[in-house]
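Please read them with the coordinates open.

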Amino acid sequence: MLSRTEIETWLQQTDPDALETLWRMADRVRKEYVGDAVHLRGLLEISNHCVRTCAYCGLSRHNKHLRRYRMTADEILECIRQIADFGYGTVVLQAGEDDGIQTEWLAQIIRTVKQTTPLAVTLSLGERPFEDLQCWRQAGADRYLLRFETSDPALYSLIHPPRPGRTAHRLEILSRLRQLGYEVGSGIMVGIPGQTFPSLADDIELFRRLDLDMIGLGPYIPHPHTPLGTGQITPTIHPSEQVPNTEQMTCKVIALTRLVCPEANIPSTTALAAVNPKTGRLLGLQRGANVVMPNCTPARYRRLYEIYPGKTTLSETALACRHSLEESLRSIGRTLAVGPGPRRRRANPPQSEETATRP
Ligand code: SAM
């Protein structure tokens, strides 16, 4: 098992030969524990309204440059039918933290999806009250994604101001989601201004402790209409301590996460594809990831869900996106998975020499 010190040493590693070893280890562990099939989760960005003021995110309510939308129930259900027709196993309903998404309204949509399609339903709607999470679970929602973004409390409070009058803590919500029977996903951004190597190693250790079912990792991408993107909020660390928000650093985090959480479902994220549209997505899959979340949001809304710049240039229609994905997966010797693709726990995990290898 990788120790905390080894994780940090790997994060600082820049030697190309050593990194090749890391990529190979992660790929072998990925193959051994979750196989070659890549799960596709159709991502539907149902609203870009947000009550929060996160310093990194383009959906922040302080961003006045963004036209806001919320999809209707009919629009959502039509897209979900298409996702099922494409043969994807899961729909992910994501939004800003939008109080306009009413509890019962969404519960009805979830019930309809579960009654009329074989899809697993994943929600990614931010910090909602326990009663909402419970209601949606009872309606049939299977999974919930809520990134803790960084395990460094000082950095977290700097970039993620609390909602006035509420004291919700993301780690507490993750534990409640588990109690409710959701499959639980979390994750971080890599290269947030002010993020250090020790704090990134802590993040990976925290993934292990939380025993997460899904782990989302993407590079932080500066947004020009946010306090972090404009430099209005600046970190206090020395530049040499700063984790870079590069493709390579994100791949290191994916690879190390695969080694410490071998059973987890780990997507090769859109943010990784945004920093390098040519190689990002496939590199992630070759360095530990086993999930892709094709964007199935209608084009007219997709361009408005601008959490960071560059995301909207990946603007194929959902169908074209599926075809090109299938081809690229074949090119790296991977197949398309069938079905919802939940986390599979192994009763007797194989003794992998990889997880014991030193950096
Ligand atoms: N509102 C929900 C929440 O906060 O969990 C879901 C939507 S939120 C936009 C989804 C994720 O986008 C966040 O957890 C964050 O990691 C990522 N994100 C936001 N702004 C980003 C940026 N500038 N660069 C990279 N990722 C970003």
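1. **Basis.** This is a predicted model: local features need pLDDT of at least 70, side-chain atom pairs count only at pLDDT 80 or more, and totals for chains, interfaces and linings use all residues. Numbering starts from 1 along each chain as its sequence is written, and side-chain values use heavy atoms, with hydrogens and water left out.

2. **Ligand shell.** The ligand is surrounded by 19 residues, and the closest are Tyr56, Ala95, Arg147, Glu149 and Ile221. By class, the shell splits into 11 nonpolar, 4 polar and 4 charged residues.

3. **Ligand polar atoms.** A polar backbone atom of tyrosine 56 is 2.9 Å from a nitrogen atom of the ligand. For isoleucine 221, a polar backbone atom is 2.7 Å from a ligand nitrogen. Arginine 170 uses its side chain: a polar atom there lies 3.1 Å from an oxygen atom of the ligand. Alone, the ligand exposes 560 Å², and the protein buries 93% of that. Areas come from the Shrake-Rupley method with a 1.4 Å probe; for residues, only the protein chains shown count as cover.

4. **Arginine 170 and glutamate 149.** Arginine 170 also forms a salt bridge with glutamate 149, with the closest N and O atoms 3.6 Å apart. The term means a side-chain nitrogen of Lys or Arg within 4 Å of a carboxyl oxygen of Asp or Glu. The pair links distant parts of the chain: glutamate 149 sits in the loop between strand E4 (143-145) and H6, and arginine 170 in helix H7, 21 residues apart. Helices (H or I, at least four residues) and strands (E, at least two) are DSSP runs, numbered from the N terminus. Glutamate 149 is buried at 8% relative accessibility, and arginine 170 is buried at 9%. Cut-offs: buried is under 20% relative accessible area, exposed over 50%, partly exposed in between (1.4 Å probe, protein chains only).

5. How many salt bridges does the structure hold? There are 24. Arg52, Glu97, Asp99, Glu127, Glu149, Arg163 and Arg170 are linked in a network of them. Within it, aspartate 99 and arginine 163 meet at 2.4 Å, N to O. Check that distance. Aspartate 99 lies in the loop between strand E2 (90-95) and helix H4 (103-116), and arginine 163 in the loop between helix H6 (153-159) and helix H7 (170-179), 64 residues apart. Aspartate 99 is partly exposed at 40%, whereas arginine 163 is buried at 15%.

6. Arginine 4 and glutamate 8 pair at 2.8 Å, N to O, in a salt bridge. Both belong to helix H1 (residues 4-12), 4 residues apart, about one turn of the helix. Arginine 4 is partly exposed, at 24% relative accessibility.

7. **Glutamate 263.** Glutamate 263 occupies the loop between helix H10 (247-260) and helix H11 (270-275). Is it buried or exposed? Glutamate 263 counts as buried, at 12%. Its side chain makes a polar contact with the side chain of arginine 343 at 2.7 Å. A polar contact is a pair of N or O atoms within 3.5 Å; within protein, one must be able to donate a hydrogen and the other to accept it, and residues adjacent in sequence count only if both atoms are side-chain atoms. The glutamate 263 side chain also reaches the backbone nitrogen of arginine 346 at 2.8 Å.

8. **Asparagine 245.** Asparagine 245 is in the loop between helix H9 (227-230) and H10, and is partly exposed at 28%. Its side chain reaches the backbone oxygen of tyrosine 220 at 2.8 Å.

9. **Lysine 64.** Lysine 64 lies in the loop between strand E1 (37-47) and helix H3 (73-86). Lysine 64 is exposed, at 70% relative accessibility. A polar atom of its side chain lies 3.2 Å from the backbone oxygen of arginine 61.

Terms used: A residue is near a molecule or strand if one of its heavy atoms lies within 4 Å of it. Ala, Val, Leu, Ile, Met, Phe, Trp, Tyr, Cys and Pro count as nonpolar, Asp, Glu, Lys and Arg as charged, and the others, Gly among them, as polar.
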